[in-house]
Amino acid sequence: MKTRCLAILVFAASASLAAWAVDIDGRIGPAEYAFSQVLAKDTFTLHWRIEGDRIHLAMEALSKGWVSLGFDPGAVMARSDMLFGLVAEGGKTEAVDAWCTGTFGPHPADVDQGGRGDLLAWAGSRSGDRVVFECTRLLDTKDKFDKVIVPGAEMKLIWATGRDLVFTSKHAKAGAAKLRFEAAK
Ligand code: HEM
C-alpha cells in the first residue's frame, strides 16, 4: 500500500512538473511560462520563468528580421545587455549575447569585447512575420557584459525588432518598458 501511495505521489509530482516544464524548442506551450508581459501591443510580448539560478525567456514578436531585448540601459541603448534572436523561415536560429557600448549602438557580441556568450540554450520559430525566440541564461552569469537579473526587482528593458536578419542593421521598431521579473508561481 505504501509503495502504491509513493508511486501515485511521484506520478502526480512529475505530471505537475511536466505541465510547466520549459522546453526550449521555439514554441510557447500553454502553461510553459509563469509570467508574460506585453511590452508593445501587437508587436512584442515577453514571457519568462525563473527556475533556481536561471531564467527562461521567450520573445514573441511581429518582425521581418531579428528580435532583441536589452536589460537595464543607461541613456537610450547605452550599456544595455542585449540578447538577439535571428530566426529564419524554417526555424534555423542564431542567437547573440551582446553589449551596447554607445547611446545608439554599436552593440558588439560579448565574445568580441572580451566577454562570453552566456546563453545556455536557444531555439526559434517563424511563421511569416510571427517570431518566437526562446532562450535560457543564468540570472547572474558573472560576465561583465551581462546585467544581473534579480527576481522580484523592477528592471528597465528595451526591445527592438529588425528589418532583416543582419545583426548590425538598425531596428524597424523599438521601445522601452519596466518589468518586475517575478519568480513565484
Ligand atoms: C545596429 C543596431 C541599432 C542601431 C543602428 C540603432 C540606432 C538607434 C538610433 C539612431 C536611435 C534614435 C532614434 C531613431 O533614429 O530611430 C535609436 C533609438 C532606440 N533604440 Fe536603437 N539601434 C540599434 C539597435 C537597438 C536594439 C537592439 C535595441 C533594443 C534591444 C534598441 C533600442 C532602442 C530604443 C528603445 C530606442 C529609443 C526609442 C526609439 O527612438 O525608437 N536599439 N536606436
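Which residue in β8 does E60 stand opposite? E60 stands opposite V132 in β8. The model is predicted: local features need pLDDT of at least 70, side-chain atom pairs count only at pLDDT 80 or more, and totals for chains, interfaces and linings use all residues. Residues are numbered from 1 along each chain as its sequence is written. The chain has one helix and ten strands.

**Overall layout and confidence**

- From the N terminus on, the order of elements is α-β-β-β-β-β-β-β-β-β-β. Helices (H or I, at least four residues) and strands (E, at least two) are DSSP runs, numbered from the N terminus.
- The mean pLDDT of the chain is 92, and 89% of its residues reach 70 or more. pLDDT is the predictor's confidence in each residue, from 0 to 100.
- Over residues 5-17, pLDDT stays under 50, and the model has zero contacts there beyond four places in sequence. Two residues are in contact if their C-beta atoms, placed from the backbone, lie within 7 Å.
- Where pLDDT is low, the predicted coordinates should not be read in detail.
- The chain has 185 residues, and buried residues make up 31% of them. A residue is buried if 20 or more other C-beta atoms lie within 10 Å of its own, exposed if 12 or fewer, and partly exposed in between; these C-beta atoms are placed from the backbone.
- Of the contacts in the chain with a separation of 6 or more, 54% are between residues 24 or more positions apart.

**Sheet with β1, β2, β3, β8 and β7**

- Five strands form an open sheet in the order β1-β2-β3-β8-β7, with antiparallel pairing. Two strands pair if DSSP finds at least two bridges between them.
- β1 (35-40) and β7 (121-127) are the edge strands, and each pairs on one side only.
- Neighbouring strands of this sheet are turned by 15° against each other on average, direction ignored. For such angles, axes are lines fitted to C-alpha atoms, for helices over the stretch in contact, and angles run from 0 to 180 degrees between N-to-C directions.
- Nine bridges join β3 (residues 54-62) and β8 (residues 130-138) in the antiparallel sense. H56 has T136 in β8 as its bridge partner.
- β7 and β8 are also antiparallel, paired over seven bridges. G124 stands opposite F133 in β8.

**R49 in β2**

- R49 is found in strand β2 (residues 44-51).
- R49 counts as buried because it has 21 C-beta neighbours inside 10 Å.
- Leaving out residues up to four places away in sequence, R49 touches V22, Y33, A34 and H56.
- S36 is 13 residues from R49 in sequence, and their C-alpha atoms are 9.0 Å apart.

**Sheet with β6, β5, β4, β9 and β10**

- Another open sheet of five strands has the order β6-β5-β4-β9-β10, with antiparallel pairing.
- β6 (93-99) and β10 stand at the edges with a single partner strand each, so one side of each is left without a neighbour in the sheet.
- From one strand to the next, the twist averages 15°.
- β4 and β9 run antiparallel and are joined by five bridges. L157 in β9 is the bridge partner of F71.

**Ligand shell**

- The ligand is surrounded by 19 residues, and the closest are G70, F104, I158, A160 and A174. A residue is near a molecule or strand if its C-beta atom, placed from the backbone, lies within 6 Å of it.
- β4 (67-71), β9 (154-162) and β10 (171-180) are the elements that give two or more residues to this shell.
- β10 supplies the largest share, four residues.
- The shell divides into ten nonpolar residues, eight polar and one charged. Ala, Val, Leu, Ile, Met, Phe, Trp, Tyr, Cys and Pro count as nonpolar, Asp, Glu, Lys and Arg as charged, and the others, Gly among them, as polar.

**Backbone details in the loops**

- D72 is found in the loop between β4 and β5 (81-87). Its phi is positive, about 50°, although D72 is not a glycine.
- D72 is partly exposed, with 14 other C-beta atoms within 10 Å.
- V76 also lies in the loop between β4 and β5. Phi of V76 is near 50°, a positive value in a residue other than glycine.
- V76 counts as partly exposed because it has 15 C-beta neighbours inside 10 Å.
- The peptide bond from G105 to P106 is cis, with omega near 0°. P106 sits in the loop between β6 and β7.
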